[in-house]
Amino acid sequence: MHHPSAAPGVQAPHDKDYLRRLLAERNQAPANAAGIDAAIEQAFVRNVAILVLDMCGFSRITQSHGIIHFLAMIHQMEQAARPAIDGNGGEIIKQEADNLFAVFNTPGQALEAALDTLRALQAMNTVLPPERILNVSAGIGFSPTLVIAHQDLFGPEMNCACKLGEDIAGANEILLTEAAHADLPPGRYICDSARHQISGMDLNAHRFVHCLFERPLNFTR
């Protein structure tokens with residue numbers, strides 16, 4: 001089956017229904033897999049930096065204060081993260097429970113968004129009671145990734161960013177994959193390297209330590 005390219009100036013459809021139709025065609029007509037794969041890549045695959053933010057302390061906080069209390073904290077975290085992501089050129093793809101997923105053109109933008117989020121949360125924490133202190137961990141990856149706008153994203157660096165942000169990074173810690181770290185602008189950031197093993201795979205990561213320049217606060221309201 002022929003899948004025509006979008007006309008000049010017209011964006012190819014990139015919602016989940018379109019992807020499902022293409023995948024159904026691929027399963028029904030394996031001989032056309034190459035052409036269908038090309039159509040999927042044209043519509044969905046983007047070279048992006050992926051930022052995964054994960055709220056810390058879910059089990060402890062919900063056990064002691066209840067799920068509604070934690071949901072209110074998630075809302076506050078989102079209030080801090082959205083302006084930081086927007087101000088650094090990012091696009092929020094989805095939010096699942098206490099996790100937030102965003103994409104950027106470069107790892108530097110993703111790192112700056114994570115740092116701005118931490119700065120905003122630190123400011124919030126100065127006026128919050130102890131039981132509402134907000135902490136997040138962050139993972140950053142970088143690679144061609146299948147992105148369904150405002151819905152989902154898939155790819156090996158997405159998986160790595162999730163493992164770094166959700167499973168390995170501690171509170172207020174930012175970890176980058178090898179690919180994300182390699183694409184950071186030189187001479188601007190100091191990172192430590194470490195090797196982790198999770199889910200049977202070796203994962204080389206770089207932990208952000210500090211900036212080598214004075215950082216402006218990139219927020220949009």
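Is Ile68 buried or exposed? In the predicted model, Ile68 counts as exposed, because its relative accessibility of 69% lies above the 50% cut-off. The residue is located in helix α4, which spans residues 67-87. Together with Ile67 and Leu71, Ile68 makes up a nonpolar surface patch of about 320 Å².

In soluble globular proteins, nonpolar side chains tend to be buried together. In this model, the largest nonpolar core comprises 38 residues, and those with the most contacts inside it are Leu51, Met55, Ile85, Phe104, Leu111, Ile140 and Ile174. At least two residues of this core are supplied by each of β1 (45-55), α4, β3 (99-104), α5 (107-125), β4, β6 (174-177), β7 (189-198) and β8. Helix α5 provides the largest share, eight residues. Apart from this core lies another, of eleven residues, including Ile50, Val103, Ala161 and Cys162. Ile140 has contacts, beyond its neighbours within four places in sequence, with Ile50, Leu51, Ala110, Leu111, Ala161, Leu164, Ile174, Leu175, Leu176, Thr177 and Ala180.

Thr145 belongs to strand β4, residues 136-148. Its relative accessible area is 0%, so Thr145 is buried. When neighbours within four places in sequence are left aside, the contacts of Thr145 are Phe44, Val45, Arg46, Val48, Ile50, Leu153, Phe154 and Gly155. Val209, in turn, is placed in strand β8, residues 201-211. This residue counts as partly exposed because its relative accessibility is 34%, between the cut-offs of 20% and 50%. Residues up to four places away in sequence not being counted, Val209 touches Ile190, Cys191 and Asp192. The C-alpha atoms of Val209 and Thr145 are 27 Å apart in space, and the two residues are separated by 64 residues in sequence.

Side chains of opposite charge can pair when their charged atoms come close. The count of salt bridges in the model comes to nine. One of them joins the side chains of Asp152 and Lys16, at an N to O distance of 3.9 Å. Because Asp152 lies in strand β5 (residues 152-154) and Lys16 in helix α1 (residues 16-28), the pair ties together parts that are 136 residues apart in sequence. Asp152 is buried, at 13% relative accessibility, whereas Lys16 is partly exposed, with a relative accessible area of 24%.

A salt bridge is also formed by the side chains of Lys94 and Glu96, with 3.0 Å from N to O. Lys94 counts as buried, at 13% relative accessibility, while Glu96 is partly exposed, at 40%. A further salt bridge links Asp192 to Arg207, the closest N and O atoms being 2.8 Å apart. Asp192 lies in strand β7 and Arg207 in strand β8, so this pair ties together parts that are 15 residues apart in sequence. Both partners are partly exposed: Asp192 has a relative accessible area of 35%, and Arg207 has a relative accessibility of 30%. Through salt bridges that share partners, Lys16, Lys94, Glu96 and Asp152 are joined into one network.

Definitions and conventions: Residues are numbered from 1 along each chain as its sequence is written. This is a predicted model: local features need pLDDT of at least 70, side-chain atom pairs count only at pLDDT 80 or more; totals for chains, interfaces and linings use all residues. Side-chain values use heavy atoms; hydrogens and water are left out. Helices (H or I, at least four residues) and strands (E, at least two) are DSSP runs, numbered from the N terminus. Buried means under 20% relative accessible area, exposed over 50%, partly exposed in between (1.4 Å probe, protein chains only). Contact means heavy atoms within 4.5 Å. Patches are made of residues with over 30% relative accessible area and no salt bridge: like charges are joined within 9 Å, nonpolar side chains (Val, Leu, Ile, Met, Phe, Trp, Tyr) within 5 Å. Accessible areas come from the Shrake-Rupley method with a 1.4 Å probe; for residues, only the protein chains shown count as cover. A salt bridge is a side-chain nitrogen of Lys or Arg within 4 Å of a carboxyl oxygen of Asp or Glu. A nonpolar core is a set of buried Ala, Val, Leu, Ile, Met, Phe, Trp, Tyr and Cys residues joined through side-chain atoms within 4.5 Å.
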